[in-house]
Structures are given as structure tokens and as C-alpha cells.
Amino acid sequence: ALTLLPDGLWQVEVGRDVYQSKTVILANGLVWRKLGVPGEEKLVGKGVSYCATCDGAFYRDKLVGVVGGSDAACESALYLADLAEQVYIIYRKAVLRAEPIVVRAVLKNPKIQVVYDTIISKINGSDQLESVALEKIDGSTKDLGLDGLFIEIGAQPGIDFAQDLEIETDEQGYIAVDSQQRASLPGLYAAGDLTTNSGKFQQVVTAASEGAVAMMTLYRDLMTKA
């Protein structure tokens, strides 16, 4: 838990350990939304991924699936189409909800096939992803063989531990920071995927950059107040 004490110090509780400090940098990243189906947890990193730009290169000339119908899902499918042999977009509704220009690009790409009105009910494989069980809204089922599955149904900043604090966020829950990574409360900074900075381009290089800026800002702020 994270608490702002009456004397202005921050208190961080981690298990049985309690720390107090004048400043805190939040760098907890995002929590990816999961399908919650059998086999998902077991096969994370063994064919199941939540980041196409991170893991797509492992699936060159292979069969991959993307779950979701948003901009993130469609853009991931387009990215993977440059690498994989075939890309399946598996979406639970009848129409993709990405921006029209993105949808047009998806539908024109010969390496992308959209499977509408379908959910994944199970992910199959012992030590590696082998297939997914598909279930259509009419109740029909079938297995689809895949080498990789990218789950793109959204993510949220991992700040549940600080939900009692009135930290300013945007409408999606990302922590609002200024150009120097300061958050809205005194002594609080944030860096990485959970912030509104870097155009929400969620990559290691941008997270590391924000972390460096946050650390330098924190240092300068402390020196100014010394």
C-alpha cells in the first residue's frame, strides 16, 4: 500500500516491510487484461503473449492469432502480418471496432483472416501452445492450430495499491505527469507504461527514458528544498 502521511512523508508497505520517504517514483507498468480461460496462465511465454512488438519476431513464418477487435489488436495483426505466415484475428463481435483506416488495412491484407463472432474457450498445449478451442455465438466449436497467440484486449495501469490516493489520471487511468515526470501529489513521480507521457508508446526504451528523467527531477527537487 502507498500512503501520504500527515507530515508529508510517503509510506510504502510491502508485505511486512514498511518504508518511509520524502519521495516515491511509481513504475509499476501495466496489468494486461486476460481471457481467463484454461491453459492461458500455463502457456504465457510458451506461445501466449500480450505484446506483439515484444515477441512477434519469434513467430516469423508461423501461424499466429490475435484476440481482440480494437486499434491495438488490428495494429498488432498488421505488424505480425509482416512476419508470420498467416494471422488470424479472433473477435467476439461481428464488426471490428478499430479506426476505419486501420480496419481497411486489415481487410485488404491477404495474410490476415478475421474470425468474427467467436471466443476462445480454451488454450491447448502441454509445454508449448498447440491450438485454441474456438466457440462461435451459434454454439459451434472447432480447434485452430496456432504457434503463437497474442491477447490484445486492453491493459490498465497497475496502481490498485494506491487507489485511495487522489492521484490525477486520464480517463483510462494512466497517471498524469508533467514533462519532468512529476505526478499531481507532492513528492510523487511516475515513469514508464503507466504514465501519460511518451505518447503511451509502451516500450522498454521509453520507460527507461522516463525513469531517468524522473530520477533526475527528483534529485533536483530534493536539492532545491535542502
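This is a predicted model: local features need pLDDT of at least 70, side-chain atom pairs count only at pLDDT 80 or more; totals for chains, interfaces and linings use all residues.
Trainee: Which element gives the most residues to the lining of the largest pocket?
Mentor: The largest pocket holds about 890 Å³ of space, and 28 residues line it, with W32, A72, E152, K200 and Q202 lying nearest its centre. At least two lining residues come from each of β5 (30-32), α1, α2 and β14 (155-157). Among the contributors, the one that gives the most, with five residues, is α2.

Trainee: How do the residues of the lining of the largest pocket divide into nonpolar, polar and charged?
Mentor: The lining of this pocket comprises 28 residues, and each is assigned to a class by its residue type, with Gly counted as polar. On that basis the division is 13 nonpolar, eight polar and seven charged.

Trainee: What volume does the largest cavity have?
Mentor: Unlike a pocket, a cavity is a set of points from which the probe cannot get out, and the count comes to one cavity of 30 Å³ or more. Its lining is made by G192, D193, N197, S198, K200, F201, Q202, T206, A207 and E210, which divide into two nonpolar, five polar and three charged residues. The volume of the largest cavity is about 40 Å³.

Trainee: Which residues have the most contacts inside the largest nonpolar core?
Mentor: The largest nonpolar core has 21 residues, and the elements that give two or more residues to this core are β7, α2 (71-81), β8 (86-90), α3 (100-108) and β9 (112-115). Of these, α2 gives the most, with five residues. The residues with the most contacts inside the core are V87, I89 and L96.

Trainee: What is the geometry of the aromatic pair, and are its two residues buried or exposed?
Mentor: A search of the whole structure finds one aromatic pair, formed by Y59 and F150 with 5.5 Å centre to centre and 85° between the planes. The pair links distant parts of the chain, since Y59 lies in the loop between α1 (52-55) and β7 (63-67) while F150 lies in strand β13 (residues 148-151), 91 residues apart. Y59 has a relative accessible area of 10% and F150 has 0%, and both values fall under the 20% limit. The geometry is therefore edge-to-face, because the angle is over 60 degrees, and Y59 and F150 are buried.

Trainee: Which residue of β11 is the bridge partner of N124?
Mentor: Strand β10 (residues 118-124) runs antiparallel to strand β11 (residues 131-136), and six bridges join them. The two strands form a hairpin with six residues between them, and in the turn G125 has a positive phi of about 150°. In β11, the bridge partner of N124 is S131.

Trainee: Which residue of β12 is the bridge partner of L134?
Mentor: Five bridges join β11 to strand β12 (residues 141-145), and these strands also run antiparallel. Here the hairpin has four residues between its strands, with G139 in the turn showing a positive phi of about 95°. In β12, the bridge partner of L134 is K142.

Trainee: Why does L9 count as partly exposed?
Mentor: L9 is found in the loop between β1 (2-4) and β2 (10-14), and its C-alpha atom is separated by 7.4 Å from that of T23, 14 residues apart along the chain. Residues under 20% count as buried and those over 50% as exposed, so L9 is partly exposed because its relative accessibility is 25%.

Definitions and conventions: Residues are numbered from 1 along each chain as its sequence is written. Side-chain values use heavy atoms; hydrogens and water are left out. On a 1 Å grid over the protein atoms alone, a cavity is a set of points where a 1.4 Å probe fits but cannot get out, and a pocket is an open set with protein on both sides within 12 Å along at least five of seven lines; lining residues have an atom within 4 Å of a point. Grid points are joined across faces, edges and corners, and a volume is the space filled by probe spheres set on the points. Rings of Phe, Tyr and Trp (its six-membered ring) pair if their centres lie within 6.5 Å; planes under 30 degrees apart count as stacked, over 60 as edge-to-face and the rest as tilted. Buried means under 20% relative accessible area, exposed over 50%, partly exposed in between (1.4 Å probe, protein chains only). Two strands pair if DSSP finds at least two bridges between them. A nonpolar core is a set of buried Ala, Val, Leu, Ile, Met, Phe, Trp, Tyr and Cys residues joined through side-chain atoms within 4.5 Å.
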